[in-house]
Amino acid sequence: KGHSNRIFAIKFLPGEGNVLMSGGWDENIFFWDMRIGKTFESINGPLISGDSIDFKDDKILTGSYKTIQPLKIWDFKTFKLDHNIPWADPDEKEIALVYGAQFSKIDNKTILSGCSGANQVRLFNNGGEYLPLASISNIPKACYSVDFGNKSNSFVFAGGDGKIYITQKI
């Protein structure tokens, strides 16, 4: 049991030194236990095309290369869908094909994500509903990579235009 297509993201789970998760084009997130050398659980659905899986406080974040509901939060204890995060208002015509998604490293309130299609970076605030907090639009080309700072909610993103964009604290 394992992936049947390209793998684009893999992460060790914090506090779980022998457990990691991986995701790719086969629309599966697999959870691996290195002590037994195989998977012990999976989530079906997310089409991972970049570094768009993350884990924090028993929650799994996935960003999919899909036009409908590309951002999702899953519960690690049950491996069930916890929350769909709407990228935009329903009347917006731009689609978001997510390549990068990450929880804040310093709090439980903020998610960062970047995409192609709409060529945007968005921040979402977890006040219970993961509502859009801020957006950077009109990026010349797709955003392929995002990362929060280790000691602040400053963030960076980069993509198809060959530039790295650095922000100050939010």
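Start by selecting serine 152 and serine 154: their side chains are joined by a polar contact of 3.1 Å. (A polar contact is a pair of N or O atoms within 3.5 Å; within protein, one must be able to donate a hydrogen and the other to accept it, and residues adjacent in sequence count only if both atoms are side-chain atoms.) Serine 152 sits in the loop between strand E13 (143-148) and strand E14 (155-159). Strands (E, at least two residues) and helices (H or I, at least four) are DSSP runs, numbered from the N terminus. Is serine 152 buried or exposed? It counts as buried, because its relative accessibility is 14%. The labels work like this: buried is under 20% relative accessible area, exposed is over 50%, and partly exposed is in between, with a 1.4 Å probe and protein chains only.

**Before you go on**

What you have open is a predicted model, where local features need pLDDT of at least 70 and side-chain atom pairs count only at pLDDT 80 or more, while totals for chains, interfaces and linings use all residues. Residues are numbered from 1 along each chain as its sequence is written, and side-chain values use heavy atoms, with hydrogens and water left out.

Now colour the model by pLDDT, the predictor's confidence in each residue, from 0 to 100. The protein averages 92, and 97% of the residues score at least 70. Which element has the lowest mean pLDDT? That's strand E12 (residues 131-136), with 89, while strand E3 (residues 28-33) has the highest, 97.

**Salt bridges**

How many salt bridges does the structure hold? There are seven. (A salt bridge is a side-chain nitrogen of Lys or Arg within 4 Å of a carboxyl oxygen of Asp or Glu.)

Select glutamate 27 and lysine 66, a salt bridge whose closest N and O atoms are 3.0 Å apart. Glutamate 27 is in the loop between strand E2 (16-24) and E3, and lysine 66 is in the loop between strand E6 (59-63) and strand E7 (71-75), so this pair ties together parts that are 39 residues apart in sequence. Glutamate 27 is partly exposed, with a relative accessible area of 31%, and lysine 66 is partly exposed too, at 27%.

Next, pick lysine 77 and aspartate 58, whose side chains meet in a salt bridge of 3.6 Å, N to O. You'll find lysine 77 in the loop between E7 and strand E8 (81-85) and aspartate 58 in the loop between strand E5 (53-56) and E6, so the pair ties together parts 19 residues apart in sequence. Lysine 77 is exposed, at 66%, whereas aspartate 58 counts as partly exposed, at 28%.

Now jump to aspartate 147 and lysine 105, where the closest N and O atoms of the salt bridge are 2.9 Å apart. This pair links distant parts of the chain, 42 residues apart: aspartate 147 is in strand E13, and lysine 105 is in the loop between strand E9 (96-103) and strand E10 (110-117). Aspartate 147 is partly exposed at 30% relative accessibility, and lysine 105 is partly exposed at 36%.

To finish this stop, select Lys59, Asp75 and Asp82, which are linked in a network of salt bridges.

**Aromatic rings**

Show the rings next: the structure holds 14 aromatic pairs. Rings of Phe, Tyr and Trp (its six-membered ring) pair if their centres lie within 6.5 Å; planes under 30 degrees apart count as stacked, over 60 as edge-to-face and the rest as tilted.

Select phenylalanine 8 and tryptophan 25, a tilted pair with 5.3 Å from centre to centre and 35° between the planes. Phenylalanine 8 is in strand E1 (residues 7-13) and tryptophan 25 is in the loop between E2 and E3, 17 residues apart. At 34% relative accessibility, phenylalanine 8 is partly exposed; tryptophan 25 is also partly exposed, at 34%.

Now try phenylalanine 31 and phenylalanine 79: the ring centres are 4.9 Å apart and the planes are at 65°, so the pair is edge-to-face. Phenylalanine 31 lies in strand E3 and phenylalanine 79 in the loop between E7 and E8, so parts 48 residues apart in sequence are tied together. Phenylalanine 31 is buried, at 0% relative accessibility, and phenylalanine 79 is buried as well, at 15%.

**Last stop**

Finally, select isoleucine 166 in strand E15 (residues 164-166). Isoleucine 166 is exposed, with a relative accessible area of 65%.
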